[in-house]
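Keep the structure open as you read.

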Amino acid sequence: WRRLRSKDMPTNNATEPVDTLKSGSNLEKVLAGGHFAVTGELGPPKHLDTAVIDRKIELLKGVVDAANVTDNQTGIVRLSSIAAGIYMAQHGLEPVIQITCRDRNRLAIQSDLLGAYIHGIRNVLCLSGDHQSFGNHPGAKNVQDIDSMQLIQMIQQMRDKHQFQCGDEIKGGGPKVFIGGAGSPFSEPISFRPLRIAKKMAAGVDFIQTQMIFDMTIFRQFMKKLVDLGVTEKVHILAGVGPLKGSPMARFLNEKIPGIVIPEELLQRMDNAVSGISESDKDARRNAWRAEGQKICVEQIEELREMEGVSGVHIMAIEWEAAIKPIAERAGLLPRPDLSC
């Protein structure tokens, strides 16, 4: 463990000078300046109509510091995360492109990263990827040439050592990107989760975005362990939150999705939100559920802002991007810092 906390490890100081920034991305500047960061998520369409992306860009622009572009999430074919990210950057919304190990070997990943960089991509999130059996091509081959830990290490080596994974020199220097990873505080075994984040720190990660958090008691224990391990001195932790759309969704997430734990108290709040509303009045029930879901999300963000070691929030409003701005406003997260100069 002394090796993981060595003085030779790269650091992410809260007020890092501009000339020491690793990528110069807006997200990195926000975090380096000690601001409480806000990221969102943009899922590319399953077709070629960019109007879908245009609409989501307008909903997120000025509300988040950067937005994740998912990479064939749930194993379903969608517009390329890199292509969508380039499109977003051209239209004024900073992307965090997701790169999964599921679909590419190390040659393709390094090649894609170089290509993304010359088009202005400065943030990358390294993921294993949802298993293809969940998607619309269950017979597709799962590549997994390297895992997410090795992916982080490979990109860090490209950036800081100007080397490809094989050791060959990248002439003129490697891609200067801000390297992110995922964290799942509630996946079993829970006691191992902080140690896994520490391993990603040792691999060279700069920031972590977590799975959606609903149980604040368990998450406080998770964050305390990260603080005790020294992880938060070097890695920015963005806590994942998301508004619940209804009781059925809440119970499905709690019962069926690994890594998500929703306390009974919150499940009851969602149930009670439609108390007295007839089941036939579907619009009223939907609106009541969504209002309560947003209220819970705001309360969580307010609590997270006071939690030691939390550097920001990652708001995951799945196919409900319109909810992000009102949530950010009510949580006191707007306006976002303007660091364009």
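This is a predicted model: local features need pLDDT of at least 70, side-chain atom pairs count only at pLDDT 80 or more; totals for chains, interfaces and linings use all residues.

Q: How do I read the directions of side chains in a strand, and which residues of β7 point which way?

A: In a regular strand the side chains alternate between the two faces of the sheet. In β7, His236, Leu238 and Gly240 point one way, while Ile237, Ala239 and Val241 point the other way.

Q: Is strand β7 largely enclosed or exposed?

A: Look at the burial of its residues, where buried means under 20% relative accessible area. Six of the six residues of β7, which spans residues 236-241, are buried, so the strand is largely enclosed by the rest of the structure.

Q: Which strands pair with β7, and over how many bridges?

A: Strand β6 (residues 207-212) pairs with β7 in the parallel sense over four bridges. Strand β8 (residues 310-315) also runs parallel to β7, and five bridges join the two.

Q: What do β6, helix α7 and β7 make together?

A: They make a right-handed β-α-β unit, with α7 covering residues 216-228.

Q: How many aromatic pairs are there, and why is the pair of phenylalanine 178 and phenylalanine 207 called stacked?

A: The count comes to two aromatic pairs. For the pairing of phenylalanine 178 with phenylalanine 207, the ring centres are 5.1 Å apart and the planes lie at 25°; planes under 30 degrees apart count as stacked, so this pair is stacked. The pair links distant parts of the chain, since phenylalanine 178 sits in strand β5 (residues 178-183) and phenylalanine 207 in β6, 29 residues apart. Phenylalanine 178 is buried at 1% relative accessibility, and phenylalanine 207 is buried at 0%.

The rings of phenylalanine 219 and phenylalanine 222 are stacked too, with centres 5.6 Å apart and planes at 25°. These two are three residues apart in helix α7, so about one helical turn separates them. Both phenylalanine 219 and phenylalanine 222 are buried.

Q: What lines the second largest pocket?

A: Its lining has 21 residues, and Asn26, Val64, Asp65, Gly92 and Glu94 lie nearest its centre. By class, the lining holds six nonpolar, eight polar and seven charged residues. The volume of this pocket is about 360 Å³.

Key: Residues are numbered from 1 along each chain as its sequence is written. Side-chain values use heavy atoms; hydrogens and water are left out. On a 1 Å grid over the protein atoms alone, a cavity is a set of points where a 1.4 Å probe fits but cannot get out, and a pocket is an open set with protein on both sides within 12 Å along at least five of seven lines; lining residues have an atom within 4 Å of a point. Grid points are joined across faces, edges and corners, and a volume is the space filled by probe spheres set on the points. Ala, Val, Leu, Ile, Met, Phe, Trp, Tyr, Cys and Pro count as nonpolar, Asp, Glu, Lys and Arg as charged, and the others, Gly among them, as polar. Buried means under 20% relative accessible area, exposed over 50%, partly exposed in between (1.4 Å probe, protein chains only). Two strands pair if DSSP finds at least two bridges between them. A crossover is right-handed if, with the strands pointing away from the viewer, the path from the first strand over the helix to the second runs clockwise. Rings of Phe, Tyr and Trp (its six-membered ring) pair if their centres lie within 6.5 Å; planes under 30 degrees apart count as stacked, over 60 as edge-to-face and the rest as tilted.
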